[in-house]
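The sequence and the model are shown below.

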Amino acid sequence: MKQHPYRKLIITAALGISAITATAVAAPKPPKIKIPKHESEFAKADADKSGSLNIFEFAKTQGPGTPLVEVRKRFLPIDVSGAFEVVIDPVTNLPAVDPVTGEPVVGASIPDGFITLNELNAYRALKTKIKSKLSKFELADFNGDGFLDPIEFGYLVSPRVKIDNVLRNFDKRDTDDNDLLSEEEFDSDLTTQA
Ligand SMILES: [Ca+2]
Ligand SMILES: [Ca+2]
Ligand SMILES: [Ca+2]
């Protein structure tokens with residue numbers, strides 16, 4: 001039987017294709033970018049993908065059972081910017097605008113209650129870490145009204161502590177029974193009162 005003249009060509013072509021396929025498979029994969037642990041934790045905690053963490057989202061990156069007061073103590077020194085003070089033009093009484101660029105003039109950076117990855121990385125790069133100077137009472141007073149309500153009082157202990165125990169402790173201290181602890185009520189030494 002006479003061999004078809006194209007037979008050899010077809011086989012060669014087929015081999016060529018498989019050779020190409022083999023090359024493609026063996027081609028080096030693009031290098032895997034290793035995301036630092038704190039960055040993947042950040043992304044995981046940022047449930048709404050807003051690019052920043054509020055304190056409750058940030059708490060998810062801290063050890064489970066960490067009291068929210070302790071979380072806030074760590075949170076505040078990281079949240080140093082993200083918002084800026086508005087500078088008012090003394091002539092127009094409106095927010096000042098740069099006459100050259102037309103951009104708003106901004107003042108000192110202020111905490112905005114959110115931690116961005118930039119803020120976190122800047123904090124991690126600090127040689128000397130800044131510490132919050134707030135007292136436990138001030139740290140627990142989330143709404144800054146000078147009193148602790150039962151929920152704020154609960155932030156002082158691990159979220160694993162039973163709510164009944166938190167409330168019993170709260171009631172013992174709340175001597176005027178107004179469901180708020182003043183700093184004096186909070187500081188009172190319960191052992192000398194019984
Ligand atoms: Ca911020
Ligand atoms: Ca309060
Ligand atoms: Ca009270």
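Does Lys49 count as buried or exposed, judged by its C-beta neighbours inside 10 Å? Lys49 counts as exposed, because it has 6 C-beta neighbours inside 10 Å and a residue with 12 or fewer is put in that class. The model is a predicted one, and every value in this report is computed from it.

Lys49 sits in the loop that runs between helix H2 (37-45) and strand S1 (52-53). Its phi is near 55°, a positive value in a residue other than glycine. Ser50 counts as exposed because it has 11 C-beta neighbours inside 10 Å. Gly51 has 12 such neighbours inside 10 Å and therefore also counts as exposed, since the exposed class takes in residues with 12 or fewer.

Ser50 and Thr116 are 66 residues apart in sequence, and their C-alpha atoms are 9.3 Å apart in space. For Gly51 and Leu117, also 66 residues apart along the chain, the C-alpha separation is 7.4 Å. Setting aside neighbours within four places in sequence, Gly51 is in contact with Asp46 and Thr116.

A positive phi in a residue other than glycine is also found at Asp177, where the value is near 60°. Asp177 belongs to the loop between helix H8 (163-173) and helix H9 (183-187). With 7 C-beta neighbours inside 10 Å, Asp177 counts as exposed.

**The chain as a whole**

The protein chain has nine helices and four strands. Along the sequence these elements follow the pattern α-α-β-α-α-β-β-β-α-α-α-α-α. Of the 194 residues in the chain, 14% are buried. Among contacts between residues at least 6 apart in sequence, 51% join residues at least 24 apart.

Phe84 is in strand S2. Phe84 has 14 other C-beta atoms within 10 Å and is therefore partly exposed. Beyond its neighbours within four places in sequence, Phe84 is in contact with Val106, Gly107, Ala108, Ser109 and Ile110. The C-alpha atoms of Phe84 and Gly107, which are 23 residues apart in sequence, are 5.7 Å apart.

Val87 lies in the loop between strand S2 (82-86) and strand S3 (106-111). Val87 and Val105 are 18 residues apart along the chain, with 6.2 Å between their C-alpha atoms.

The C-alpha pairs named so far are set out in this table.

| Residue pair | Separation in sequence | C-alpha separation |
|---|---|---|
| Val87 and Val105 | 18 residues | 6.2 Å |
| Phe84 and Gly107 | 23 residues | 5.7 Å |
| Gly51 and Leu117 | 66 residues | 7.4 Å |
| Ser50 and Thr116 | 66 residues | 9.3 Å |

**The nonpolar core**

In soluble globular proteins, nonpolar side chains tend to be buried together. Which residues have the most contacts inside the largest nonpolar core? They are Phe58, Ile115 and Ala140, in a core of 18 residues. Helix H3 (55-59), helix H4 (68-78) and helix H6 (136-140) are the elements that give two or more residues to this core. H4 gives the most, with five residues.

Phe58 is in contact with Ala45, Leu53, Val71, Phe75 and Ile115, leaving aside its neighbours within four places in sequence. One of these, Ile115, is itself listed with Phe58 among the residues with the most contacts inside the core.

Methods. Residues numbered from 1 in each chain as written. Chains lettered and ligands numbered in written order. Predicted model: local features only at pLDDT ≥ 70, side-chain atom pairs only at ≥ 80, totals over all residues. Buried ≥ 20, exposed ≤ 12 C-beta atoms within 10 Å, placed from the backbone. Contact = placed C-beta atoms within 7 Å. Core = buried A, V, L, I, M, F, W, Y, C linked by C-beta atoms within 7 Å.
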